[in-house]
Amino acid sequence: MAEFETAIAGAGIAGLTAALLLSRSGRQVSVFERTAVHYEVGAGLQISPNAGRILEQLGLGPALDAVSVRPQAIDVYSGSHLKPLVSMPLASAALRLGAPYRVLHRADLQRLLLDAARADPSIRLALAAPITDVETLSGAISFSIGGTRHAAKLLVGADGIRSAVRHFVDPGQTEIAAQRTAWRTTIPAVEAPEELPRDHVSVFMNERSHVVAYPIRAGKEINVVAIIEEDWSGEGWAEPGDPDEITRFFRNASSVLTALINAGKAWTRWCLRAVEPSGPWHRGHAVLVGDSAHAMLPFLAQGAAMAIEDAAILTRCLAQPGFDTQAALQRYQALRQPRVARVWRAAQQNGTIYHMSPLAASFRDATMKALGGERLLARYDWLYGWKQNG
Ligand SMILES: Cc1cc2nc3c(=O)[nH]c(=O)nc-3n(C[C@H](O)[C@H](O)[C@H](O)COP(=O)(O)OP(=O)(O)OC[C@H]3O[C@@H](n4cnc5c(N)ncnc54)[C@H](O)[C@@H]3O)c2cc1C
């Protein structure tokens with residue numbers, strides 16, 4: 001007899017969103033998190049309307065607004081040009097799409113999801129409780145936590161890129177190193193270069209690198225991520241990066257970009273990895289959501305957004321009248337995989353587009369300019385305009 005109705009491995013964005021949605025659909029949910037909680041891990045996160053809508057349905061809109069910024073536009077700069085090539089108007093797009101685009105600190109989102117989960121009597125949260133050794137059980141699934149075996153009717157693997165649940169579901173699927181690193185820092189907004197618009201997302205494209213900057217913490221800080229092509233394969237999300245190294249890398253960039261990089265005092269360095277979204281994403285009574293199923297490169301800012309969408313669709317499939325667990329999990333994968341694979345590929349493609357050599361970049365820039373910001377942004381309506389019941 002299974003002790004848990006629904007067990008979730010991982011209290012990241014995927015796990016906590018799934019817990020909240022599944023609980024609201026009438027399930028008893030137990031979340032097991034490996035660490036003793038890690039608020040400050042990571043830095044900025046862009047939450048586009050497709051995912052923001054789901055968080056708003058959970059009643060988190062006001063809490064999100066208190067810690068985030070709704071940027072007016074995404075400005076794209078090329079090489080050492082001081083003016084943006086295009087400016088994609090997010091504020092008007094929000095009106096068209098019926099939901100805002102928000103930018104915030106990952107820890108703030110994590111904290112507000114955790115607070116909502118703690119306030120929910122149908123969610124039990126266990127910290128320092130890593131799930132290991134997942135095995136099939138007749139009509140259920142079994143796993144270990146600290147050497148003790150447990151059983152659940154359903155196990156949701158929201159345990160990130162190094163997923164123990166994926167090891168059971170799809171043992172052959174491993175992460176791919178992207179030969180790129182993300183250097184990350186946050187700076188007080190008052191220390192950012194004057195020319196940097198405080199209420200915009202700014203993307204600086206260079207040969208073999210790009211930099212993204214946007215406000216977080218209700219505008220008090222600027223999140224800066226520099227993506228560099230380099231062959232470094234460190235582990236973890238928060239390895240220190242030498243400020244001299246990153247400053248040297250961008251010493252010949254535009255004056256705004258150089259000033260922005262120089263303003264960063266404490267950098268972390270993160271080796272980018274991905275997981276092919278080819279699946280399978282379920283086996284027996286176990287299913288994968290978020291990075292465990294399909295970690296993607298961050299060049300479309302959609303990893304967390306796809307995790308949030310996964311949680312919504314999984315919940316809907318499990319609540320479908322007449323569906324047993326197997327039918328629900330099959331339906332979940334059938335609904336999610338084509339969209340996630342498209343987003344995954346588009347993120348990869350952006351990596352190539354952002355890092356072009358000068359000759360290719362001149363064609364890219366001319367095309368972007370000819371299209372203009374509004375039309376460029378409208379090309380993403382398939383992504384940002386997505387609705388779970390649409
Ligand atoms: C540089 C960079 C910038 C990004 N920017 C954006 C962005 O702007 N917008 C966006 O949408 N996405 C962005 N992403 C992607 C996003 O960060 C991830 O896709 C998202 O955090 C995945 O959430 P998750 O819950 O699936 O996994 P994770 O956040 O990795 O959470 C997994 C959780 O499971 C726990 N865990 C692991 N193993 C076990 C186990 N065996 N048992 C129990 N618990 C376990 C972990 O401790 C962790 O808490 C970015 C990524 C990078 C690298």
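Mentor: Asp231 sits in the loop that runs from strand S14 (221-229) to strand S15 (239-241). Strands here are DSSP runs of E with at least two residues, helices are runs of H or I with at least four, and both are numbered from the N terminus. The model is predicted, so local features need pLDDT of at least 70 and side-chain atom pairs count only at pLDDT 80 or more, while totals for chains, interfaces and linings use all residues. Residues are numbered from 1 along each chain as its sequence is written, and side-chain values use heavy atoms, with hydrogens and water left out.

Asp231 has a relative accessible area of 69% and therefore counts as exposed. The classes are buried for under 20% relative accessible area, exposed for over 50%, and partly exposed in between, with a 1.4 Å probe and protein chains only. Between Asp231 and Arg217 there are 14 residues in sequence, yet their C-alpha atoms are 32 Å apart in space.

Ala128, in the loop between strand S7 (123-126) and strand S8 (131-137), has a positive phi of about 50° although it is not a glycine. Ala128 is exposed because its relative accessible area is 52%. Gln179 is not a glycine either, and its phi is positive, at about 55°. Gln179 belongs to strand S11 (residues 176-188), and its relative accessibility of 44% makes it partly exposed.

Ser23 is a buried counterpart. This serine is part of helix H1 (residues 13-24), and it counts as buried because its relative accessible area is 8%. Leaving aside residues up to four places away in sequence, Ser23 touches Val29, Asp120, Ser122 and Ile123; a contact means heavy atoms within 4.5 Å. Helix H2 (residues 49-57) is mostly covered, with seven of its nine residues buried. Those are Pro49, Asn50, Ala51, Gly52, Arg53, Ile54 and Leu55. After H2 comes Gly59, with a positive phi near 85°.

Next, the aromatic rings. A pair of aromatic rings is described by the distance of the centres and the angle of the planes. Here the rings of Phe, Tyr and Trp (its six-membered ring) pair if their centres lie within 6.5 Å; planes under 30 degrees apart count as stacked, over 60 as edge-to-face and the rest as tilted. By this rule there are eight aromatic pairs. One of them, Tyr77 with Phe204, is stacked, at 4.5 Å centre to centre and 20° between the planes. That pair joins distant parts of the chain, since Tyr77 is in strand S4 (residues 73-78) and Phe204 in strand S12 (residues 200-206), 127 residues apart. Tyr77 and Phe204 are both buried.

The pair of Trp281 and Tyr332 is tilted, because the ring centres are 6.3 Å apart and the planes are at 50°. Trp281 is in the loop between S16 and S17, and Tyr332 is in helix H11 (residues 325-354), 51 residues apart, so this pair also links distant parts of the chain. Trp281 has 0% relative accessibility and so counts as buried. Tyr332, likewise at 0%, is therefore buried. The loop between strand S16 (267-274) and strand S17 (282-283) also holds Pro280, and the peptide bond from Gly279 to Pro280 is cis, with omega near 5°. Elsewhere, ring pairs link Phe4, Phe32 and Phe143 into a cluster.

Finally, the chain as a whole. The protein chain has 13 helices and 18 strands. Its radius of gyration is 21 Å, close to the 21 Å from the globule rule for 390 residues, so it is as compact as a globular protein of that length. The radius is taken over C-alpha atoms, and the rule is 2.2 Å times the number of residues to the power 0.38. The C-alpha trace spans about 65 × 40 × 35 Å along its principal axes. Of the 390 residues, 57% count as buried. Among contacts between residues at least 6 apart in sequence, 74% join residues at least 24 apart. The accessible surface comes to about 16000 Å², and 53% of it belongs to carbon and sulfur atoms; areas come from the Shrake-Rupley method with a 1.4 Å probe, and for residues only the protein chains shown count as cover.
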